[in-house]
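Colleague: I have some questions about how you label things here. Can we go through them one at a time?

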Amino acid sequence: MDTPDTDAVLRIADLSVCYSNGAQAVRSVSLELAPGECLALVGESGCGKTTVAHAILGLLPRRTTVAGSIVVGGVEVVGASRRTIRRLRGHTIGYVGQDPYAACDPLRSVRHHVEEGWTAVRATPPTGAAIERLEALGIDQAGHRAQARPNQWSGGMLQRATIAAATVHRPALTVADEPTSALDADRSDGVLQILREATDGLLLVSHDLSLVGRHADRIAVMYHGRIVEAGPASEVLSRARHPYTRALVAASPRPGHGLPEELEGAPPSLLATVPGCSFRARCHCAGAGCEDQLPVLRDGVACHHPLEVVGP
Ligand SMILES: Nc1ncnc2c1ncn2[C@@H]1O[C@H](COP(=O)(O)OP(=O)(O)OP(=O)(O)O)[C@@H](O)[C@H]1O
C-alpha cells in the first residue's frame with residue numbers, strides 16, 4: 001500500500017491470519033501508517049478488520065496461525081513474547097473499543113479507569129493527572145464527576161474517559177475499533193476529533209463511511225480478508241475504482257447522496273480457497289482473468305478491470 005512517509009508508526013507486511021477452525025480471516029495484508037495520520041479500515045462485516053486490529057494488539061486467540069510482520073514503533077509484534085506485547089500496549093499502542101461501558105468495571109469510579117492508563121504499565125499516576133486528562137478532553141467539573149461510576153456518565157463522556165486512559169502516554173499508534181458505534185450520531189465527530197488529537201497515528205476500524213470521510217486521511221478497503229483498494233479518503237469515497245468499493249459506497253447512507261443501494265450477494269466462505277478474484281461472483285465488471293488470476297494491489301487497486309474515473 002502506498003504511504004506518504006517512510007518513518008511509519010505501523011508497518012504491516014504480508015499479514016495472514018487463520019483461526020483454529022480454518023477460517024482464513026486475513027490474507028496477505030500490507031499497509032503502513034505515517035506519524036500523525038489517520039488510516040481507516042473499512043469493509044462489510046466479516047471482512048477481517050477486527051482481526052487485523054487484534055493482531056496488532058496481540059489479542060488473537062491461542063492456536064491462531066499468524067504469518068507475516070507487524071512492526072509498531074520499531075518492534076515486531078508477530079511472535080513477540082507476552083511481556084513485549086504488554087510493554088507495547090499502553091506505552092506505544094493505545095486501544096479504544098466500541099462500547100465504553102463494556103470496557104469499564106461498573107463498580108469502580110471513572111477516575112479509577114483513567115488512572116489505569118498509568119497502572120497498566122506499572123507507573124504511578126501523578127497527583128491530579130487523571131483529572132487534568134479528563135479536563136483536557138473536554139469534561140467539565142472533571143474532579144467532581146470522575147468520582148461517579150461509569151453508568152452515571154453518558155456514552156460520549158465515558159468514551160472520552162476511555163480515550164483519556166488509552167492515550168495517557170500519547171501512543172505512537174492508537175487502534176480504535178468502531179469507537180463511535182455505541183454513541184449518538186451527534187457525539188461521534190467530537191469523539192473522533194478528540195481521538196485524533198490525543199494520539200500520533202490512528203488506525204480507525206469503521207463501518208461508517210460518512211464519519212470516515214470526515215476524519216480519515218487515507219482509507220483501505222477490505223474484502224474477504226484482502227485489501228482491494230487503498231488511497232486518500234476523498235479519492236476512495238468519490239472516485240472509487242474497485243467495483244466492490246463503488247458498491248460499498250453506494251450502499252452506505254450518506255447525507256446528500258440519496259437512498260443507499262443494496263449490496264447484493266455475500267462473500268465466499270473464509271474456509272474456501274477461492275482461485276482468482278473473490279468478488280467476481282458479485283461483480284458486474286468480471287471478465288478475463290477474474291476466474292483464475294488473483295488480482296494484486298497495484299496503484300491502489302486490486303482489480304483486473306478497474307472502473308474508469310471520469311473528470312479531473
Ligand atoms: N475466534 C474466531 N474463531 C473463528 N473465526 C473467527 C474468530 N473471530 C472472528 N472470526 C471470523 O473471522 C472473520 C473476520 O472477522 P472480523 O471480526 O475480523 O471481521 P470484521 O470485518 O471486523 O467484522 P465486523 O465489522 O462485523 O466486526 C469472520 O468471518 C469471523 O466470523
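This is a predicted model: local features need pLDDT of at least 70, side-chain atom pairs count only at pLDDT 80 or more; totals for chains, interfaces and linings use all residues.

Colleague: What makes β4 and β5 count as paired?

Modeller: Two bridges join β4 (residues 65–72) to β5. Pairing needs at least two bridges, so β4 and β5 qualify. The two strands run antiparallel.

Colleague: Which strands form the sheet, and in what order?

Modeller: Four strands form an open sheet, ordered β2-β1-β4-β5, with antiparallel pairing.

Colleague: Why are β2 and β5 called edge strands?

Modeller: β2 (24–33) and β5 (75–76) each have a single partner strand, so one side of each lacks a neighbour in the sheet.

Colleague: How do you know what to call the angle between α3 and α4?

Modeller: The axes of α3 (residues 110–119) and α4 (residues 129–136) cross at roughly 100 degrees. Angles of 65 to 115 count as roughly perpendicular, so α3 is roughly perpendicular to α4. Their axes come within 9 Å.

Colleague: Which residues meet there?

Modeller: R111, V114 and E115 in α3 meet A130, R133 and L134 in α4. The contact divides into three nonpolar, no polar and three charged residues.

Colleague: What surrounds the ligand?

Modeller: The ligand has 14 residues around it, and the closest are Y19, A25, S45, T50 and T51. Six of the shell residues are nonpolar, seven polar and one charged.

Colleague: Which helix gives the most to that shell?

Modeller: Helix α1 (residues 49–57) does, with three residues.

Terms used: Residues are numbered from 1 along each chain as its sequence is written. A residue is near a molecule or strand if its C-beta atom, placed from the backbone, lies within 6 Å of it. Ala, Val, Leu, Ile, Met, Phe, Trp, Tyr, Cys and Pro count as nonpolar, Asp, Glu, Lys and Arg as charged, and the others, Gly among them, as polar. Axes are lines fitted to C-alpha atoms, for helices over the stretch in contact, and angles run from 0 to 180 degrees between N-to-C directions. Angles under 35 degrees count as roughly parallel, over 145 as roughly antiparallel, 65 to 115 as roughly perpendicular and the rest as oblique. Two residues are in contact if their C-beta atoms, placed from the backbone, lie within 7 Å.
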